[in-house]
Amino acid sequence: MDSRFSSAPRAVSSPATLVDPQGRTLDYLRLAVTDRCNLRCSYCMPEKGLDWVPTLAVMTGDEMLRVGALFVRLGVRKIRITGGEPLVRRGIVDIMASLGALPERPEILLTTNGTVLTDHIDALKAAGVHRINLSLDSLREDRWSKITRRQGFARVRGSIDAVLEAGLGLKVNMVVLPGLNDREIPDFVELTRHLPITVRFIEPMPFDGAGRKMEETITGEEILLRLRSRYDLTPVLQDQSAVDKVFSVRGFAGRVGVIEGHSRKFCSTCSRLRVDARGRLRTCLYGASGVNLTEMMRDGATDDELVAAIRGDIAFRFK
C-alpha cells in the first residue's frame, strides 16, 4: 500500500475516546467501501438511471485503512463494512484483513446481500471477520427476484449454510414490505427453529427507492405484535447501544429481532458513526454528511488535523 497512507500508529494527541455532547460513547464505525450494488431492490433504489459516485472520488484502499486505523485509535472497537454491496469492490477482503490486524484488534463485521458471498467465505474467515449480516427479503425465488429485480436467489439462500459451516456468526435481515413479503414473517421465524441464527425484521421507510411514498407501511410495533401473537418470546438482554430488540423463541435454537429503522427509538443510546464511500463523516444515517476525510487526506492533513476535524464535526452535529 502507498506509504503516504500508512496505517502505522502516529502521534495523536487527543484522548483515545469519542464522546458526543449527549455523553454517548461512539465506538462503532460503519465504513461504506462502495456505493455500487449488483441488486436493484425496489425499496432501496430505482431500477435504472443511477448516478454512481465517480471512481476517483471514492476512497482508495489505503485511505480506508488509514481512516479505519485512526478511528480505532480513537476508541472504535467495531468496524462494519457496508456498501452498496461491499463484495463487488475489488480487494475488499484484503482491506478487511488489514483492518482486523490493527494492533487494537477491532471486531470486523460485514453486511452483504449474499449474491457472491459463497465465493469469499474462506477468505473472509481467514481475514478475521467475526459476523455477517445477510440481507434476504424473501424465501421464495419469484418474490425475491421481484423485490431485487435480479436473479440469483439460490446463491443467496445457499450462503446461509455456507456461513454456518464456516463457523461465523450470522444475522439475517428482512425488510418487511406489506402486501409483498409480510406473510413470510412466520417462514423466517422458522429458520431459527434449528439454526443458531438471528432473524431481524426491519421496519421499512415510508417511501420506495425512487422516492415515491409507499401505499402501505408497517411499524416495528406492529411487526412485534404479529410475532407475539404466534410465538412465546422472551426479551434477550443486550448492550444498551443495540439498535434492535431481540427475543428468544421458546424451543428454538436461534433468535428473532425487530429494528425500528424509521421510527428510530434507539437514538438516545446510539453508538454509531458512519463514513461513506467518498470519505464523508456522517454522525447519523438520516443526517447530512459532514467533514470529507478523503479530501483532507489528499490535501496532506496530519492525523492530528483529521482528529480535530472529526471531533469538531461530532460536537457540532450532535448538539
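These legends walk through several close-up views of one predicted model. Because this is a prediction, local features are described at a pLDDT of at least 70 and side-chain atom pairs at pLDDT 80 or more, while totals for chains, interfaces and linings use all residues. Residues are numbered from 1 along each chain as its sequence is written, and side-chain values use heavy atoms, leaving out hydrogens and water.

View 1. Strands (E, at least two residues) and helices (H or I, at least four residues) are DSSP runs, numbered from the N terminus. Two strands pair if DSSP finds at least two bridges between them.

**View 2. Strand E3 (residues 107-112) is mostly covered.** Of its 6 residues, 6 are buried, where buried means under 20% relative accessible area, exposed over 50% and partly exposed in between (1.4 Å probe, protein chains only). In a regular strand the side chains alternate between the two faces of the sheet. Here, Glu107, Leu109 and Thr111 point one way, while Ile108, Leu110 and Thr112 point the other way.

**View 3. E3 has parallel partners in E2 and E4.** Strand E2 (residues 78-82) is joined to E3 by 4 bridges, and isoleucine 79 has isoleucine 108 in E3 as its bridge partner. From E2 the chain crosses through helix H2 (residues 92-100) to E3 in a right-handed β-α-β crossover. Right-handed means that, with the strands pointing away from the viewer, the path from the first strand over the helix to the second runs clockwise. Strand E4 (residues 129-135) is joined to E3 by 5 bridges, and threonine 112 has leucine 134 in E4 as its bridge partner. The crossover from E3 to E4 passes through helix H3 (residues 121-126) and is right-handed.

**View 4. Strand E6 (residues 198-202) is largely enclosed by the rest of the structure, because 5 of its 5 residues are buried.** Thr198, Arg200 and Ile202 lie on one side, with Val199 and Phe201 on the other. Strand E5 (residues 169-175) pairs with E6 in the parallel sense over 5 bridges, and valine 175 stands opposite isoleucine 202. Together, E5, helix H6 (residues 185-194) and E6 make a right-handed β-α-β unit. E6 is also joined to E9 by 5 bridges, and these two strands run parallel. Phenylalanine 201 has valine 258 as its bridge partner in E9.

**View 5. Tyrosine 231 and phenylalanine 252 form an edge-to-face aromatic pair.** Rings of Phe, Tyr and Trp (its six-membered ring) pair if their centres lie within 6.5 Å; planes under 30 degrees apart count as stacked, over 60 as edge-to-face and the rest as tilted. The structure holds 3 aromatic pairs. In this one, the rings are 6.1 Å apart centre to centre, with 75° between the planes. Tyrosine 231 lies in the loop between helix H7 (220-230) and E7, and phenylalanine 252 in the loop between strand E8 (244-249) and strand E9 (255-259), so the pair ties together parts that are 21 residues apart in sequence. Tyrosine 231 is buried, with a relative accessible area of 13%, and phenylalanine 252 is buried at 14% relative accessibility.
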